[in-house]
Amino acid sequence: MDRLLYIAMTGAAHIDRAQTVHANNLANLGTSGFRADLAQARAVQVNGDGYETRVFALAEQPASDFRQGPLMETGRDLDVAVSGQGFFAVQLPDGSEAYTRAGEFVVDALGTLRNGAGYAVLGDGGPISLPPYERLQIGGDGSITIQPEGQGEQALVQIDRLRLVKPEQGEVAKGPDGLFRPIDDVALASSAEVAVVAGFVESSNVNAIHEMTAILELSRQFELEVRLMKAAEQNDEAAQELVSVN
Amino acid sequence: MMSSLWVSKTGLSAQDTALHTISNNLANVSTVGFKRDRAVFNDLLYQIQQQPGGQSSQDTTLPSGLQLGTGVRVAGTQKMFSEGSLQTTEAPLDLAIDGRGFFQIITPDGNTAYTRDGQFHLDQDGQLVNSQGYALEPSITVPADADSVTIGADGIVSAMTRGSATATQLGTIELVSFVNPAGLQAAGNNLFWETPSSGSPQSGTPGQDGLGMVLQGMLENSNVSVVEELVNMVSVQRAYEMNSRVVSTSDQMLQYLTQNL
């Protein structure tokens, strides 16, 4: 009886966790640059004599979905979206580097280019600092050109170039703050292959239909696990009746 | 209790905030000099339940871990300082800024506020004031016997008086610019306050140093695009519905559990 009850219980506990992953994806349906998390369950056999028939469920979050999210036109100079594979690089307060797809940049009072969460956006030579400008343009390769304040159309200056990286499959993973980091802690090299488009924001790549279906499917699976627990209880009762003396 | 309930709750409150900014934008669709807001979302922290690469037994490691996200939060709202369309009114004291810059307004407590709303009036002393009656800085007083007031693109205000062949110069309207106008604090009444993140105001003559020109007889409309806001509203509403569906599904799962065990 214990096998059935506890195995069904790990199944239900796994469904609870997987449900959280999908709920988190749906909560971030409107978070620009968000990459959906995937959830899976793995069968883990209990080793040892007489235990081999017990196989527990283990919930895992193997990776994030790196598919392109839809691009939304905003027309704002400092909104940039990565088209295809690739990431922007930002500097964390401790000086380390992390990668993000969210390109809603702002300029702070000191002229430093920052992302929506307030981290400095990295260029080829460290954090990007912009002098007062009248007009700003970000090119398809991430180069930033400005028309300095009080100067004419001819006085365009290239300030810096956004640092863009193109990690291979499995080279980066999502950290606890939602930013991506290299798995082996070695900063990735800048890539010339990454294309960006200015005036667009990449929205979340969560597929709402997929997430809703997964949530409904999991809730039915949960009911199945509960049925199994109920069956375990009924088996136990039946066994008790057989051996009872009255 | 099921963590998915709390995660979807953050989704619901974030979409609620997004709808709040959208409705405020739509309410101000015809407010002169209004700049639209945009809600910016961030994912909340992730909780690591199983560390990837952790030991599953003495000789084996887990190929992937389990990180559970805790939902979403509104990181902030961004003011979008794109220029609104210009509307001709022919009123001599209606001013629009074509390009960057803000008018300076002295509030009753003596502080300086900044605005792009150029609907000016005269008070009983002939001083140029905004629609709340707060004076424009630098102060400009139009004499009582002035026939007409002309404001040039460079901000020079002059008046023609009866019996005089030449115009009298009354003063110059100065504009200010900010390094990061999105960092200004919206104060209501179409006014903005300076903040540490906006930088300090740099004043100058209209049409110079990157400042826009002052256009007399015109007003800058709100930069809210109705179509865009309505499209945003649709996506916010559907996202809200899906998050509330997760709440009800989690509720049903718990209900099934309590009823059957």
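1. B:Ile105 stands opposite B:Leu136 in S11(B). S7(B) and strand S11 (residues 135-137) of chain B pair in the antiparallel sense over three bridges; two strands pair if DSSP finds at least two bridges between them. Strands (E, at least two residues) and helices (H or I, at least four) are DSSP runs, numbered from the N terminus.

2. The model is predicted: local features need pLDDT of at least 70, side-chain atom pairs count only at pLDDT 80 or more, and totals for chains, interfaces and linings use all residues. Residues are numbered from 1 along each chain as its sequence is written, with chains lettered from A and ligands numbered from 1 in the order in which they are written.

3. S7(B) also pairs with strand S8 (residues 112-115) of chain B, in the antiparallel sense over four bridges. Here B:Phe103 stands opposite B:Thr115. S7(B) and S8(B) form a hairpin with five residues between them, and B:Gly110 in the turn has a positive phi of about 90°.

4. In chain B, an open antiparallel sheet has the strand order S12-S13-S14. S12 (146-151) and S14 (168-172) of chain B are at the edges, each with a single partner strand, so one side of each is left without a neighbour in the sheet. S12(B) and S13(B) (residues 156-161) pair over five bridges, and B:Val149 stands opposite B:Ala159.

5. Between the chains, 56 residues of chain B are in contact with 47 residues of chain A (C-beta atoms, placed from the backbone, within 7 Å). The largest share of the chain B side, 13 residues, comes from H2(B).

Conventions
Contact = placed C-beta atoms within 7 Å.
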